[in-house]
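Dear colleague,

I am handing over the structure we spoke about, with the sequence alongside. Please look through it first; my notes on what was found follow below.

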Amino acid sequence: MPTETNGQPREGTVEVSAPSRDRVNIRPGVNVLAILQHVSYAPWYALAEYVDNALQSFLSERERLAEVGTDVLQVNIDLDASDRPRLTVRDNAAGIAEADYPRAFRPAEVPTDRTGLSEFGMGMKSASCWFAPQWTVRTSALDETTEKTVVFNIDQIVRDSIEELDVSAEPAPADRHFTEIALLDLHRVPRGRTVGKIKEHLADIYREYTRSGDLSLRFNGELLTYEEPDVLVAPFYKAQDEEPVTWRKPIDIDLGDDLYARGFAALRETGSTSKAGFALFRRKRVIQGSGDEGYRPPFIFGQSNSYTFQRLFGELHLEGFGVSHTKDGFQWQESEQAFLELLKEQLNEDPLPLLSQAEGFRKRPRPEDVRKGAEEAAVRTASVIERDVAPVVERITEDTVRVPPSTTLPPAQVVTRQERTVRFKTETWQVVLELSHDPAVGSWVEVSDGVLEGVEAEEDVRQVGVRMSLAHPFMERFGGSEAEDIEPLLRLAVALALAEKAAYDSGVESASTIRRNVNELLRHALSRPQ
C-alpha cells in the first residue's frame with residue numbers, strides 16, 4: 001500500500017523541483033495511466049501492492065512508529081460490492097511525507113533502494129488503475145501537521161493531459177499516521193469464490209509477517225491468518241515396524257552466482273490436491289505458490305494423480321533471483337532446471353526420502369475422520385433408494401428373458417483400449433478393457449465372451465471383453481475426469497464382469513442377470529441426486 005516515508009521513499013527516486021503545497025506533479029507519461037487497466041493481474045496480487053507499500057513504510061520507520069505506540073502494522077481491506085462498487089485499503093504505517101509526493105504519484109520512478117518490498121515504482125499506480133478509473137489517496141505522515149488528499153480521475157487526466165493534481169490539506173496532529181486509498185466504480189468487482197481466493201492468497205503471501213506478529217491483515221473485518229498444515233508422522237512405508245518419524249527436512253541449495261534457495265520440505269499428514277506444493281518466497285513475501293496455486297513442477301511432482309502431488313509441500317526462500325513487475329513469478333533465466341535437479345536430489349536423500357515416502361505411504365483414515373462422510377453418503381443413498389429404486393426393481397424382476405452372453409462387444413466410440421493375456425488354469429484368456437464415451441451406449445458395463453479368431457496356437461484363446469461407459473449418467477455424476485476418480489469405478493466394473501464369467505463357468509446359466517440389473521438400477525435410480 002502506498003504509505004511512503006521520510007528519508008526512505010518506497011516508490012520513485014528522480015529528484016524534481018519541490019511541488020507547491022497545493023499541487024503535485026505527476027509527469028512524465030500520464031498516458032501510461034490509461035493502459036495500466038490492462039496489466040495482467042490477479043486481484044490478490046493487485047491488492048498485495050498496497051500491503052507491500054504499507055509493510056515497507058512500517059519496517060523503514062519502525063523505531064519512530066514504536067515511539068508513538070505503533071508496534072503492529074494494521075492493514076484493512078474493505079470491499080463494498082453494491083451498485084457503486086468501492087474498495088478501500090487503509091494502513092497505520094508512517095504515511096506519505098510531503099517531500100515524497102513527487103515520487104509517490106509519478107509512474108515508473110524506480111527507487112534508489114530496491115532491496116525492500118517496493119522496488120519498481122509502479123505498485124500503487126498500476127494496482128489502482130487496474131482496479132478503478134477513479135481513486136483517492138488520503139494520508140497523514142508521522143511528524144507532519146497536515147492531512148492531505150489527492151484525487152485521480154484517469155479519464156480526465158488522460159483526456160486533458162493533466163500533469164499536476166490538486167492536493168487538499170487540513171490540519172492534523174503530528175503523531176497521526178495513516179494512508180487510505182479509496183478505489184471507486186471498480187472495473188472489476190470481486191464476487192463469490194473470487195473473494196474467498198483473495199483472502200486465501202493474501203493470508204498465504206504474508207504468512208511470515210503475520211506469524212511474527214508484525215502484521216495484522218483484515219479483509220472486510222476478517223483477520224487473515226495462514227493455516228499451518230500438519231506434517232506426516234509415520235514409519236517409512238517399507239519399514240512399518242520401525243518408530244514413526246516426522247517427514248520434514250531442511251533444504252539448502254547453492255546454485256552459484258549468488259543464487260540460493262533455503263527453507264524446508266515436508267509431507268502433509270492429509271493429502272490435498274489444492275493445498276500441496278511449494279511456496280517460493282523473496283524478502284519474506286510469497287511470490288509463487290500461494291492459495292491453490294502451489295509451485296508443483298512436474299519434474300518433481302509428476303502428474304496431478306500422483307501421491308507426491310497431494311502430499312509434498314514446503315517453503316523455500318530464494319535469494320538473487322529477479323521477479324516480474326507484478327510480483328507473481330520469478331525470473332529464472334536459465335536456472336530453473338538446475339534448481340529443480342538439486343531440489344529433487346535433496347528431497348529424496350536418506351534418511352528422509354520424501355519422494356519415495358510420498359508415493360509409497362498409504363494412510364488408513366481414522367474412524368472419526370470417515371464417520372461424517374460415511375453418514376452423509378449413507379443418507380443420500382438411502383433417500384434415493386426410498387424414492388427411485390422400487391419401480392426399477394419391480395420391472396427387472398418381471399423380466400424373465402434369459403440372454404446368452406455376447407461373443408463380441410458391440411461397436412462404439414472408444415476412448416482407450418487395453419489388451420492383456422493371462423492364464424487361468426488350463427485356459428488362455430485375452431482380456432480386452434475398453435473405456436467408451438459414446439452417448440449411444442446405454443449400459444454402465446458391457447461384457448463379451450468369445451473365442452479369439454485368427455490365432456495360430458495349439459489351443460483356443462478365450463477373449464473376454466469388458467467395456468465401461470464414461471458417458472453413463474452414473475459416471476457423469478460420480479466418475480469425474482481424473483485417473484484417481486475413474487480407476488476405482490473401473491476396477492469395480494472389471495470385478496463385476498469377471499465374477500459373472502466365473503459364475504457362468506461354474507454352471508450359473510443366468511449369471512449375466514445381475515450385471516443387467518445393476519445397469520438398470522444405476523441408470524434409472526442410483527445415478528440421480530438426492
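T225 is exposed, because its relative accessible area is 52% and exposed means over 50%, with buried being under 20% and partly exposed in between (1.4 Å probe, protein chains only). T225 sits in the loop between strand 9 (222-223) and strand 10 (233-234), where strands are DSSP runs of E with at least two residues and helices are runs of H or I with at least four, numbered from the N terminus. Although T225 and A203 are 22 residues apart in sequence, their C-alpha atoms are 5.1 Å apart in space.

Before going further, please note that this is a predicted model, in which local features need pLDDT of at least 70 and side-chain atom pairs count only at pLDDT 80 or more, while totals for chains, interfaces and linings use all residues. Residues are numbered from 1 along each chain as its sequence is written, and side-chain values use heavy atoms, with hydrogens and water left out.

As for the whole protein, there are 16 helices and 22 strands, and buried residues make up 48% of the 530 residues. Of the contacts (heavy atoms within 4.5 Å) with a separation of 6 or more, 71% are between residues 24 or more positions apart.

Strand 8 (residues 215-219) is mostly covered, with four of its five residues buried. Strand 8 runs parallel to strand 2 (residues 73-80), to which five bridges join it, and R218 in strand 8 is the bridge partner of N76; two strands count as paired if DSSP finds at least two bridges between them. Strand 8 is also joined to strand 9 by two bridges, in the antiparallel sense, with E222 of strand 9 as the bridge partner of F219. These two strands, strand 8 and strand 9, form a hairpin with two residues between them, and N220 in the turn has a positive phi of about 50°.

Turning to helix packing, helix 2 (residues 43-60) and helix 7 (residues 193-205) have axes that come within 9 Å and cross at roughly 50°, where axes are lines fitted to C-alpha atoms, for helices over the stretch in contact, and angles run from 0 to 180 degrees between N-to-C directions. That angle makes helix 2 oblique to helix 7, since angles under 35 degrees count as roughly parallel, over 145 as roughly antiparallel, 65 to 115 as roughly perpendicular and the rest as oblique. On the side of helix 2 the contact is made by P43, W44, Y45, L47 and A48, and on the side of helix 7 by T194, K197, I198, H201, L202 and I205.

Helix 2 also packs with helix 5 (residues 123-131), at an angle of about 145° and with the axes 9 Å apart. Here P43, A46, L47, E49, Y50 and N53 of helix 2 meet G123, M124, A127, S128, W130 and F131 of helix 5.

Finally, there is an open sheet of five strands with mixed pairing, in the order 12-13-16-14-15. Its edge strands are strand 12 (248-256) and strand 15 (285-288), each of which pairs on one side only. Strand 12 and strand 13 (residues 259-267) are antiparallel and share eight bridges, and R262 in strand 13 is the bridge partner of D252. Helix 11 (residues 336-347) lies across strand 12, strand 13, strand 14 (277-282) and strand 16 (312-319), running at about 150° to strand 12.

With best wishes
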